[in-house]
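Look at the model below and follow its chain.

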Amino acid sequence: MEHRISAKELRVIAEGIRLVTLQTLEGFGAGHIGGSMSIVETLAVLYGSELRCDPANPAWEDRDRLVLSKGHAGPALYATLSLKGFFPKEMLSELNKGGGRLPSHCDRNKTPGVDMTTGSLGQGISVAIGMALGNRMNRSDSLTYLIMGDGECNEGQVWEGAMFAAHHKLDNLIAFVDYNKQQLDGFTKDVLDMGDIGAKFRSFGWFVQEVNGHDVAAILNAVTAAKANKGSPSMIILDTVKGYGTFAAGIEGNHHMSLTKEQMAECIKAASERLEEARAAFAAERAEQAAKNPAPKAPAPKPADNPALQPLEVTDDKAEEKEEPAPDDAPAEGSDA
Ligand SMILES: Cc1ncc(C[n+]2csc(CCOP(=O)(O)OP(=O)(O)O)c2C)c(N)n1
């Protein structure tokens, strides 16, 4: 499949998001590392290419929306929005700080670029459906994206929403389940086994695709196919690893963790190295293309022509100086939930 962005460029964006998310968590010293790491590649595909938005105008009526229903993965979305230009990188130091603009769980009234307040699992699908229905009634071509967790799919509300979206043929709704096989207090199969989640959504009438959720090219292809699908809502099941790319990958108790300096230093170093490798691979690809096509016939479209084409700018300097969490900031109220 031909795309306007290459997998190598998306890899750079993903590694940048992972690195900045880790730097953000390091700043607070604790957080939802597991569920943040497993959605990095999906956020890279959405904000690096597919989701129509304008960082200079977060409330743009014609934007696509993202409902991050597993709202505890806010740190990954905050890193993405900051890289995309919705707010300055310095603001990432406000994560979990009382009175700050980056609460533990997403809040649309606090953070520029966050489209829905989430954290109470199961509710995001209902809101996303309302948005998609509203867009259809307004004859808007805006799409609504939704990211849910596999543990979240234990909630009955998800299945009421699944029925409703299929009944109303909401083909402007593109949902993901982050199938990382873990939830807050254990493995999903032990807490409440979901069985074959894809088959369940299929039986509800959804167009279902199952992909490696850490493969940016596979996710991009799936989103492209979902956009082309007509007459039913789309579901992309992301086969992922909770904590992917860090010491927390797949281990027990990786939902919300206290993060030691040593752990963070090690995984931030590894993330920085992967970012450099991804950048080198992308630079080589560009050099190869330039050698093949020294004089393109038509000028490439300017990024400003389409806000969705604006590349995420990635730097690997530290998001902030590390601060010890003050007692008031301790992962209190719900921040481990
Ligand atoms: C309605 C509701 N019930 C319980 C919780 C507590 N809770 C927070 S995260 C979580 C597990 C979520 O698991 P999953 O959806 O798989 O997220 P991920 O593993 O991807 O982080 C639970 C039960 C909640 N936030 N909302």
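R139 sits in the loop between α5 and β3 (144-149). Helices (H or I, at least four residues) and strands (E, at least two) are DSSP runs, numbered from the N terminus. R139 has a positive phi of about 55 degrees although it is not a glycine. Most residues other than glycine have a negative phi. Is R139 buried or exposed? R139 is exposed, with 6 other C-beta atoms within 10 Å. The cut-offs are these: a residue is buried if 20 or more other C-beta atoms lie within 10 Å of its own, exposed if 12 or fewer, and partly exposed in between, with C-beta atoms placed from the backbone.

K181 is in the loop between β4 (173-179) and β5. K181 also has a positive phi, of about 65 degrees, although it is not a glycine. K181 is partly exposed, with 17 other C-beta atoms within 10 Å.

This is a predicted model: local features need pLDDT of at least 70, side-chain atom pairs count only at pLDDT 80 or more, and totals for chains, interfaces and linings use all residues. Residues are numbered from 1 along each chain as its sequence is written.

**The whole protein**

The protein has 10 helices and nine strands. Of its 337 residues, 48% are buried. Take the contacts with a separation of 6 or more: residues 24 or more positions apart account for 78% of them. Two residues are in contact if their C-beta atoms, placed from the backbone, lie within 7 Å.

**Two helix pairs**

Two packed helices are described by the angle between their axes and the distance between the axes. Axes are lines fitted to C-alpha atoms, for helices over the stretch in contact, and angles run from 0 to 180 degrees between N-to-C directions.

| Helix pair | Angle | Axis distance |
|---|---|---|
| α3 and α9 (216-228) | about 55 degrees | 9 Å |
| α5 (124-137) and α6 (156-167) | about 20 degrees | 8 Å |

Angles under 35 degrees count as roughly parallel, over 145 as roughly antiparallel, 65 to 115 as roughly perpendicular and the rest as oblique. α3 and α9 are therefore oblique to each other. Their contact is made by E41, T42, A44, V45, S49 and E50 of α3 and V216, I219, L220 and V223 of α9. α5 and α6 are therefore roughly parallel to each other. Here I125, S126 and I129 of α5 meet Q157, V158, G161, F164 and A165 of α6.

How much of α3 is buried? All of it: 11 of the 11 residues of α3 (residues 40-50) are buried, so the helix is largely enclosed by the rest of the structure.

A165 lies in α6. With 28 C-beta neighbours inside 10 Å, A165 counts as buried. A165 touches I129, L170, L173 and P233, not counting residues up to four places away in sequence. A165 and S126 are 39 residues apart along the chain, and their C-alpha atoms are separated by 9.1 Å.

**Around the ligand**

How many residues surround the ligand? There are 21, and the closest are G35, G149, G151, E152 and Q183. A residue is near a molecule if its C-beta atom, placed from the backbone, lies within 6 Å of it. α2 (33-37) and β5 (182-183) each supply at least two residues of this shell. By class, the shell has three nonpolar, 13 polar and five charged residues. Ala, Val, Leu, Ile, Met, Phe, Trp, Tyr, Cys and Pro count as nonpolar, Asp, Glu, Lys and Arg as charged, and the others, Gly among them, as polar.
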